[in-house]
Amino acid sequence: MRKIRRWGPGLLLVSPSIVLVAVFVYGLIGWNVKVSLSDWRQAEETSGFDTSAYKELFPGGAGETGEYARAVATGKPPESLSTDPAWIIDLHHALLFTVAFVAGALIIGASLAFLLDKGVKGEGMFRAIYLFPMAVSFIAAGVVWRWLMNPAPGDRSTGFNLLFEKLGLGFLRNEWYLGPDWGAAALALPAMWALSGYIMALYLAGFRGVPEELREAARMDGASEWRVYRHVVFPHLRPVTLSALIILGHISIKVFDLIVAIGGKQLITQTPAVYMWILIYDARDYAKGAAIATLLLVGISVLIVPYLIYTVRSERRV
Amino acid sequence: MTSVAIEPTVRRRRRRQTQARALKYAALAFAAVLVLLPVYVLLVASFKSGGEADPSRAWALPRAWTLDAWREAWNGEQYGLLPYLVNSFKLVIPATLISTILGSLNGFVLSRWRFPGADLVFLFLLFGLFIPYQAVMIPLTQIFIDVDFPEGIPRLAFAHIVYGIPITTLIFRSYYATIPEDLIEAARMDRAGMLRTYWSVVLPISAPAFVVTAIWQFTSIWNDFLFAVFIVTDPASWPVTVALNNTTGSIVTPYNVQMAAALIASLPTLIVYILLGRYFMRGLMAGALKG
Amino acid sequence: MIEELGRDRLARVSRRTMLAAGLVAAAVALVVPASGLGNEASNSQACQLSVFSWWTGGGEAAGLDRLIKIWNKQNPDCPFKNETVAGGAGSNAKAVLAQRLSAGNPPDSFQGHAGAELRDYIKAGQVEPVDFIYKQAGFGKAMPASLINQIRYNGKVYSVPVNIHRANVLWFNPKTLKANGIAVPRTWAQFMAALQKAEDAGLTPLSMGEQWTAVHLMETVMIATLGPRGWAALWKPNSASRWASKSVTSALNRYNTVLGYTNSDAASLSWQEAGKLVADGKAAFNIMGDWQDGYFSGKKSGDNLALKPGSGYGWAPVPGTANVYDWLSDSFTLPKGAPHRAAAVKWLTFLGSRIAQDTFNPVKGSIPARKDANTKLYGAYLKTALKDWKSDALAGSLAHGVVAPAAWSTDISTALGLFLQSKDVARFQTALVAAARKSAK
């Protein structure tokens, strides 16, 4: 009884949030799963049980798994594969985009923070500049980047390609997001532009959070500046990296405005989020759209939940 | 003898230091230029006339500088953003405030006034961060209609508050985890209740986390497009992102107006960054968002 | 202990309390009027005609504005409420509309392409038939019977068309053609020769834009190959075997050849940017709907090119489609549960009238769906279109919602997206057959 009095109010205080999230997150996820397993595959609402939507997204059997994985990795679905080829290409794009965006923003952000860490004149100004792109909405960013990453050939060159030529860096010119192999990675550039500054701020705070005594102690032991970072500072940054990963990861999965603003609704730039939209709102294939949403959620859970649980646990141990 | 031997090494080290510093500044400046390139393109296009604002002349300065695009984007008859900016403020200020306060209370309880299963509840809330919004717009609006929720901005604000719970809770929970446990324990020893402890011990030292959370929420609510276009059916209540998107016509897109509109729509977030930037860094350093 | 802490922070606490109170007050002050005002506005207006469209810019917005002015003058008791959502980022308009309709929150009338695209709304029971309006207002006589036949579904008509656009138009720059000794092609063979000649001259032979314009191009090539009847047969129930036929194979092969003459950066261009390549003399031809005419000839102030019809730009039917009108139409519907149904009926009656159609179309750059247009009001291109509309055979557009419902055309568009990357005709045809079979279910 005393115990309840001890923790009861806390639970009570959090309960509105629990209820809201239960309804608006888990309730809607439940709705989504239900629709994905229904035969609601045209405009009229129907509710019979049907797994056909998933069948179009999964390998057609154990024998196809290897082929499926290879197709996702290369982005070139062979005709023999029974899965929806557009979906395979979407997954390929999502994979490229996520790797490029998450790795790019982490590396750029951490490097900038590293450069700024030990006192730089005009630090405030640099920080403000790097953070600025976050203020620009993805829709607006998409418009400008569409201009910059213009793939027009020859004398119609503009944007970065024109700049490269003027600077004598003509070998750098490329087709950007229309490139058959790395196009989706080019789409990640504007997202990196928008978020790197924020990651920089996170890491900078992380660097500064390392007690100076610790660094000093390591230096006294004769460690070089690089070794100080390697053995004292970096281990302290694990939690920062986790936050950064969560923030970048959830943006990466949901990104939609940016891709549509740059590439429109075309297969060449299509990602699962865009396909989901096309299926639900253009084709009115609600079940398949919901199936994609469900798979995205499962994918995220597999990637992130173990990490979250691990972190919460290790935090307890400390 | 010794001084003669040391001098070259010192000089060499100093020279190496100067070189390293020059390199560092060069790298920082280069990064700044890269970041500002798209901003430059935005800016010059917004001062061009309609015919001149075209991707093929992206780098060129305007032949004739004009404020026409800015005027049209500000309060022009067809694209004027002014009324929508007002809507956005009506949306963002209360939604940011409420979701920040909610996050603070949740974060406090889940880190410092824990109950059995608090970690599970935290994970339960956090997972909401990953829901793909596009997929749930239909049932979401259905719920609003079923419960007869007041239309327009209140609906939108409510949605942002609900879907903001995961991130705001995450930020505050991480931040409060850095408060020494003794402080809370002392309050408990004195039989201070939960709210009292929150009010007089925790809240006074929460400012950094408030700033970080508020900036994050302000930015994401201000820049949100998806919820706005789906939830708000009355054009008179649209926030600025929807109006900005409407400058992309289905037939003709006046690029100069669009660029000016994009800049105008980004200004409020930018001002928030400039005003609160210092506190933002301080907040991050004080432990918010460390996982 | 807590007392001590409290005292330590006394100064801060009072400032904090004031701050908190201030913030709460501000929040209340902002939320309450926001919700209150919204309600007031909707209550004080007894009747408002809410019309949903994606006409946010250019000639279409200007044309709609003129209609709104007339409407408001005639119906002061029920003013117009313009609910437009731009097509911009991802054709949001249709998504928003689909969501509003399934949530039971329809506008009084909404825009949709006449024809099969409306079938989704019809099947879902979201729109009412409007035959009674046709009868009362005499639209059956005023509009061509062949048009009304093509938009009828299960014996009923569900929308009122405001305009007619033509999709199978070949655009060119007479100066460019003359300079390179290229004649305007009439037949397919002439077209191929002209494209080759343009390529040899270092021009982009045929300019194309993003994916939907590739669908548009395919449709005109198929009509040129199959003829309007063969084309129409593809959209009848159980047409999968027709999609598998040799004539479709040869149409797709032709399409593949034509694609070889298009610009490499097509996917990054809008239809206007593709058209501008012709206007600038960088490309020889462009195949696009006749909204291109509005962009070429419209005023500079509206971000158009202000070219002179005939000398600045020229047009001809897509080779092989000389007497075919590949048409599409914007139309308006009567949603079930429209909040102001009587006003909506009045709106639809007004839209089908001669005055509304002759007010809207010259500005929008299209021709009326009615036969009795006042020809004098229309520009050079539209005059020729009006003439052709009366004599040509009709073929419904695929890219613009006349022949295929949204699900089918999405499947075709996805298959085409894959084809643009693989250029594998056989596989493309297999996918098209599969799409036809799926749609027959």
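Let me begin with a definition: two strands pair if DSSP finds at least two bridges between them. Strands themselves are DSSP runs of E with at least two residues, and helices are runs of H or I with at least four, numbered from the N terminus.

The model before you is predicted, so local features need pLDDT of at least 70 and side-chain atom pairs count only at pLDDT 80 or more, while totals for chains, interfaces and linings use all residues. Residues are numbered from 1 along each chain as its sequence is written, and chains are lettered from A and ligands numbered from 1 in the order in which they are written.

I turn to chain C. Strand β6(C), residues 169-172, runs antiparallel to β8(C), residues 283-288, with four bridges joining them. Four bridges also link β6(C) to β9(C), residues 314-317, again in the antiparallel sense. C:Phe172 has C:Phe285 as its bridge partner in β8(C) and C:Gly314 as its partner in β9(C). From β6(C), C:Leu170 and C:Phe172 point one way, C:Val169 and C:Trp171 the other, and all are buried, that is, with 20 or more other C-beta atoms, placed from the backbone, within 10 Å of their own.

Next, the interface of chains A and B. Here 73 residues of chain A are in contact with 66 residues of chain B, contact being C-beta atoms, placed from the backbone, within 7 Å. Helix α1 of chain A, residues 2-36, supplies the largest share of chain A's side, 16 residues.

Finally, among the residues that B:Ala261 touches, leaving out those up to four places away in sequence, are B:Tyr79 and B:Leu244.

Note on methods
Two residues are in contact if their C-beta atoms, placed from the backbone, lie within 7 Å. A residue is buried if 20 or more other C-beta atoms lie within 10 Å of its own, exposed if 12 or fewer, and partly exposed in between; C-beta atoms are placed from the backbone.
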